[in-house]
Amino acid sequence: MTAPRQAAEEAVYRFPHRHLLGIEGLSPEHISFLLDLADSYVEQNRKPDKKTDLLRGRTVINLFFETSTRTSSSFELAGKRLGGDVMNMSVSQSAIKKGETLIDTAMTLNAMHPDVLVVRHPDAGAVKLLSEKVNCSVINAGDGMHEHPTQALLDALTIRRRRGRIEGLTVAICGDILHSRVARSNIHLLTTMGAAVRVVAPPTLMPCAVERFGIEVTHDMEDGLRDCDIVMMLRLQNERMQGMFVPSTREYFRFFGLTREKLAVAKPDALVMHPGPMNRGVEIDSELADDIDRSVIREQVEMGVAVRMACLDALTREQTGNAD
Ligand code: NCD
């Protein structure tokens, strides 16, 4: 067997999935495999020549039913740096307005023989449904309030590169947990990898029975942040709220906005993270967000491209033979 062929078969063995629909259900070995692969792409992305031909001849379609800046641009760059042909489709402006359904759109694209569909959709479960109808691999780029697996992977890569491990760390995830697919994917990933997770939110923004995931729940920032290694802030997702969930953004900032004073109870070297886009002065103090000694928000964006390259790589190495 030739060396590249053997490497490809090992990759299938180490990542035996056809799609990446969520973090839930991935084993620690599968998560570590993607993170190790992403690490190698961080190095490649820092070189003047960032391109390989791993995806030569392959077609990646970015199908976004919701607006996105960093996720869609980083999937686009990831596909291009691997030498694939990448097409971006923003559906909210086109077919959906004419009444075409999700499945019609998917079947139309499927007929063009893509190798990977990267899909973002406002409804939880929509990406899984689509994956059952098409012949190619599907990556979930965020489905409603459900999951956003590549965000959790890029967060994990950022943490692992800074701290050397995930296991044994305490991570506080703070803010609008209720509406956040980022929180859900991170809870699955961090607990699977052996970190302790605390979620901090006002009662109105905390999902019911969230402690069933084996995490600590608090409504107080000081309790949640005490001695933690990582503080992950979330955006108030107003677009998903029907009615008022917080009295005012000023009051929200006072109790739940991250400031230097609130951060003082965390470990002295605790890192501050945010998936973006940020509402400065609502969930995070603007100056703290830009403090390069504490905030790794820019690094998260860099890791995003590497993680998406790793996911495209893992799913396309040997598409036939992958299990689900
Ligand atoms: C997140 C998302 O879309 O879920 N953003 C992102 O992917 N960079 C979080 C958010 O929108 O607040």
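**Pockets, a cavity and a ligand**

Visitor: Into how many nonpolar, polar and charged residues does the lining of the largest cavity divide?
Guide: The model is predicted, and the lining of its largest cavity includes Arg70, Ser74, Leu154 and Ile297. Sorted by class, the residues of that lining come to four nonpolar, five polar and two charged.

Visitor: What is the volume of the largest cavity?
Guide: When cavities of 30 Å³ or more are counted, the model has one. The volume of the largest cavity is about 80 Å³.

Visitor: Which pocket does the ligand take up?
Guide: Around the ligand stand Arg70, Thr71, Arg120, His148, Gln151, Arg181, Val182, Arg235, Gln237, Pro275, Gly276 and Pro277. By class, this shell has three nonpolar, five polar and four charged residues. The space that the ligand takes is the largest pocket.

Visitor: Which elements each supply at least two residues of the shell around the ligand?
Guide: The shell includes Arg70 and Thr71, and also Arg181 and Val182. The elements that each supply at least two of the shell residues are α3 (70–81) and α7 (181–192).

Visitor: How much of the ligand's exposed area does the protein bury?
Guide: Begin with the polar atoms: an oxygen atom of the ligand lies 2.7 Å from a polar side-chain atom of His148. The side chain of Arg235 has an N or O atom 2.7 Å from an oxygen atom of the ligand, and a nitrogen atom of the ligand lies 2.9 Å from a backbone N or O atom of Gly276. Taken alone, the ligand exposes 310 Å², and the share of this that the protein buries is 95%.

Visitor: Which residues lie closest to the centre of the largest pocket?
Guide: The largest pocket holds about 400 Å³ of space. It is lined by 18 residues, and the closest to its centre are Arg120, Arg181, Arg235, Gly276 and Pro277.

Visitor: How do the residues of the lining of the largest pocket divide by class?
Guide: The elements that give two or more residues to this lining are α3 and α7. The lining of the largest pocket divides into three nonpolar, eight polar and seven charged.

Visitor: Which residue does a cis peptide bond join to Gly276?
Guide: Omega of this bond is about -5 degrees.

Visitor: Which residues lie nearest the centre of the second largest pocket?
Guide: The second largest pocket has a volume of about 300 Å³. Its lining takes at least two residues from each of α5 (126–131) and β4 (137–143), and by class it has four nonpolar, seven polar and five charged residues. Of the 16 lining residues, those nearest the centre are Leu20, Leu21, Gly22, Glu24 and Lys128.

Visitor: In which loop does His113 lie?
Guide: His113 is a residue other than glycine with a positive phi, near 60 degrees. The place of His113 is the loop between α4 (102–110) and β3 (116–121).

Technical notes:
Residues numbered from 1 in each chain as written. Predicted model: local features only at pLDDT ≥ 70, side-chain atom pairs only at ≥ 80, totals over all residues. Heavy atoms only, no water. Near = heavy atom within 4 Å. Polar contact = N/O pair within 3.5 Å; in protein donor to acceptor, adjacent residues only side chain to side chain. Areas by Shrake-Rupley, 256 points an atom, 1.4 Å probe, with all protein chains shown as cover. 1 Å grid on protein atoms, 1.4 Å probe; cavity = no way out; pocket = protein on both sides within 12 Å on 5 of 7 lines; lining within 4 Å. Sits in = over half its atoms within 2 Å of the grid points. Helix = DSSP H or I, 4+ residues; strand = E, 2+ residues; numbered from the N terminus. Nonpolar A, V, L, I, M, F, W, Y, C, P; charged D, E, K, R; others polar. Points joined across faces, edges and corners; volume = space filled by probe spheres on them.
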